Amino acid sequence: MSAISNPVIAIAGATGAVGVEMLKCLEERNFPVSKLKLLASARSAGKTMTFRGEEITVEELTEESFQGVDIAFFSAGGSISRKFADAVKRSGAVMIDNSSAFRMDPDVPLVVPEINPEAAADHKGIIANPNCSTIIAITPLWPIHRKNRITRIIAATYQAASGAGQAAMDELEEATRAHLAGEPFEQKIIPHPYPFNVFSHNSDIDPENGYNEEELKMVKETKKIFADADIRVTATCVRVPVLRAHCEAIDFECEKPISVAEVKGILSTAPGVKVVDDREKNYFPMPKDASGEDDILVGRIRQDISDPSGKSISLFVAGDQLLKGAALNAVQIGELLVK
């Protein structure tokens, strides 16, 4: 795969929460952009957004939108990605897709640049961005896995409204104000009362095994990204009334015994990770600190006392779902194509 120089970039879903963050990431990381096209639905066409001091008008997303485009970032939902994938490939552009549409397609690389950057080179016109919960969980686990293979992962997620988009974030704020005022509120984006409540992630449940889609994404995507079909993964995904940044409680088991000191040593130099683990002050990763941060915060690192073999570690992570969980990871994938 030859590197793309001076690429023409398109963002499909530019006005959504992830699209806005993609625009910021491209600017903040000095991504080489010779021309930028901002694409969205017809109702958003005509709006303007600022990039490097220039006002750019949002255009309606059509099949003709990708003529002359080199890289097309997509964050407009799986149905839109599937609808326009052929048009992107016909134009000669590479689609970097943030939806779940192509993640498990064997012909589509599923990439976290800190883990499997080499996979991006094998693309056939589409590269998939993993699920946010998967990225936040496995980015700090990968460097440990390389030193001492992880055989099992047990995760419980605490997922923010940002995972359901800007509309869900707005709804959480509006519903909270109504709740505090004692006023009725009709939830339209999130199916359960959201303020001061915690509930199972609002994705479809598999009637046979009882897992929801979010949980199964973490299971399947981890196996694909790690290129390890035998790793055992289970997850319980929960929505919490936090605006931005997901948290996850993770317990993992390695092939050989591993100590807290070893884990801290590995994570202290791991890319995309920041250790926040102050037992004395009881200060550990929190959404308020992870929001707006590129790195995934890792703490509560402790030996799993339920495993007498010494092979298991428990920890807690917090990561910005809109950044490393979505927009930043996509832009990092784009950087692999232009270097």
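I counted a contact wherever heavy atoms come within 4.5 Å. A friendly reminder to myself: this is a predicted model.

**Entry: helix α6**
I started with α6, residues 260-268, and asked which of its residues are buried. I found V260, V263, I266 and L267 to be buried. I then looked at how they sit around the axis: they span an arc of only 130°, so they share the same side of α6. On the face turned away from that buried side I noted the exposed residues A261 and S268. Next I checked what covers the buried residues of α6, and the list includes α3 (132-147), β12 (246-254), β13 (273-275), β14 (296-303) and β15 (312-319).

**Entry: the sheet**
I traced an open sheet of seven strands, ordered β10-β11-β9-β12-β15-β14-β13, with mixed pairing. Which strands stand at the edges? They are β10 (199-200) and β13; each has a single partner strand, so one side of each lacks a neighbour in the sheet. Further in, I looked at β12 and β15, which run antiparallel and are joined by eight bridges. For one of the residues there, E253, I read off S312 in β15 as the bridge partner.

Then I moved to D228, which I located in the loop between α5 (213-226) and β11 (232-239). Is D228 buried or exposed? D228 has a relative accessible area of 9%, and buried means under 20%, so I logged D228 as buried. Setting aside neighbours within four places in sequence, I listed the contacts of D228 as H145, R149, I150 and K223.

Definitions and conventions
Residues are numbered from 1 along each chain as its sequence is written. This is a predicted model: local features need pLDDT of at least 70, side-chain atom pairs count only at pLDDT 80 or more; totals for chains, interfaces and linings use all residues. Side-chain values use heavy atoms; hydrogens and water are left out. Helices (H or I, at least four residues) and strands (E, at least two) are DSSP runs, numbered from the N terminus. Buried means under 20% relative accessible area, exposed over 50%, partly exposed in between (1.4 Å probe, protein chains only). The arc is that of the directions from the helix axis to the C-beta atoms. Two strands pair if DSSP finds at least two bridges between them.
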